Amino acid sequence: MMLSKKLGSAINKQINAELWSAYLYLSMSAYFESINFGGFANWMKAQAQEEVDHAMKFYNHIIERRGRVVLTAIAAIPTSWKSPLHAFEEAFKHEQKVTAMIENIAAIAAADKDYAATSMLQWFHDEQVEEELQTDTIVQKLKMIEKSTGGLFMLDRELGKRKKE
Ligand code: FEO
């Protein structure tokens, strides 16, 4: 079964959104490097790489279904934030937006009775639960230690341990 035009177009848009996410998190990584938080920067760099993997999962799905991938311009991303907390709050808000986009694609796939796309999207539903939890957990920790330099350095060290999966 071919992808419907509507579903193909929604997945193409999602490839762009995932690459935009990669660009956003890499920009956040560069911001953290600039304020000497190498651990936060490491976490964001790993996150950016995961976003490229997400884009590729959507890309491959279109190709496997004999659809047409159309890559479009990536919109500009912010380049600085007020604080580590501000950056992670923005990351969390962004993930909530991505979750809503994926739910929207799933609704189109359901209306199309496209079970192959539905199955592919299941992985993303699970992934979004994890991504929202991870970013919100860091937001909550940053809120707790907001004005403690020692706390910030400890969290920086913890996030420095993340490796790309
Ligand atoms: Fe690809 Fe962070 O969602």
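# Helices, loops and core of a predicted model

Me: What comes just after α2?
Reply: Just after α2 sits Arg66, with a positive phi of about 60 degrees. Keep in mind that this is a predicted model.

Me: Which loop is Arg66 in?
Reply: Arg66 belongs to the loop between α2 and α3.

Me: Is Arg66 buried or exposed?
Reply: Arg66 has a relative accessible area of 72%. The cut-off for exposed is over 50%, so Arg66 is exposed.

Me: What follows α3, then?
Reply: Lys113 follows α3, and its phi is positive, near 55 degrees. Lys113 is a residue other than glycine, and its place is the loop between α3 and α4.

Me: Buried or exposed, that Lys113?
Reply: Lys113 counts as exposed, because its relative accessibility is 54%.

Me: And what about the residue after α1?
Reply: α1 is followed by Asn36, where phi is positive and near 65 degrees.

Me: Stepping back, what is the secondary structure of the protein?
Reply: The protein has five helices and zero strands. Read from the N terminus, the order is α-α-α-α-α.

Me: What does the C-alpha trace span along its principal axes?
Reply: The trace spans about 55 × 25 × 25 Å.

Me: How many residues are in the protein, and what percentage is buried?
Reply: There are 165 residues, and buried ones make up 46% of them.

Me: Now helix lengths. What should α1 span, and what are its end C-alpha atoms apart?
Reply: α1 has 30 residues, so at 1.5 Å a residue it should span 44 Å. Its end C-alpha atoms are 44 Å apart, which agrees.

Me: On to packing. At what angle do α1 and α2 cross?
Reply: The axes of α1 (residues 5-34) and α2 (residues 38-64) cross at roughly 165 degrees and come within 8 Å. Angles over 145 degrees count as roughly antiparallel, so α1 and α2 are roughly antiparallel to each other.

Me: What sort of residues make the contact of α1 with α2?
Reply: That contact divides into 17 nonpolar, nine polar and four charged residues.

Me: Left-handed or right-handed, where α1 passes α2?
Reply: The crossing of α1 past α2 is left-handed.

Me: How do α2 and α3 pack?
Reply: Their angle is about 15 degrees, and the axes of α2 and α3 are 13 Å apart. That makes α2 roughly parallel to α3, because angles under 35 degrees count as roughly parallel. The crossing of α2 and α3 is left-handed.

Me: Let's talk about the core. Which residues of the largest nonpolar core touch the most other members?
Reply: Those are Met28, Phe32, Phe40, Met44, Phe88 and Leu142, out of 26 residues in that core.

Me: Which helices supply residues to this core?
Reply: α1, α2, α3, α4 (115-145) and α5 (149-159) each supply at least two.

Me: Which one gives the most?
Reply: α1 gives the most to this core, with six residues.

Me: Changing topic: where is Glu146 found?
Reply: Glu146 is in the loop between α4 and α5. Its relative accessibility is 44%, so Glu146 counts as partly exposed.

Me: How many residues apart are Glu146 and Ser83 in sequence, and what is the spacing in space?
Reply: Glu146 and Ser83 are 63 residues apart in sequence, and their C-alpha atoms are 9.6 Å apart in space.

Me: Last one, Asp136. Which helix is Asp136 in?
Reply: Asp136 is found in α4. With 24% relative accessibility, Asp136 counts as partly exposed, because buried means under 20%.

Me: And how many residues apart are Asp136 and Glu33?
Reply: They are 103 residues apart in sequence, and the C-alpha to C-alpha distance between Asp136 and Glu33 is 21 Å.

Conventions
Residues are numbered from 1 along each chain as its sequence is written. This is a predicted model: local features need pLDDT of at least 70, side-chain atom pairs count only at pLDDT 80 or more; totals for chains, interfaces and linings use all residues. Side-chain values use heavy atoms; hydrogens and water are left out. Axes are lines fitted to C-alpha atoms, for helices over the stretch in contact, and angles run from 0 to 180 degrees between N-to-C directions. Helices (H or I, at least four residues) and strands (E, at least two) are DSSP runs, numbered from the N terminus. Angles under 35 degrees count as roughly parallel, over 145 as roughly antiparallel, 65 to 115 as roughly perpendicular and the rest as oblique. A crossing is left-handed if the near helix is turned anticlockwise from the far one by less than a right angle, and right-handed if clockwise. Ala, Val, Leu, Ile, Met, Phe, Trp, Tyr, Cys and Pro count as nonpolar, Asp, Glu, Lys and Arg as charged, and the others, Gly among them, as polar. A nonpolar core is a set of buried Ala, Val, Leu, Ile, Met, Phe, Trp, Tyr and Cys residues joined through side-chain atoms within 4.5 Å. Buried means under 20% relative accessible area, exposed over 50%, partly exposed in between (1.4 Å probe, protein chains only). The expected span of a helix is 1.5 Å times one less than its number of residues.
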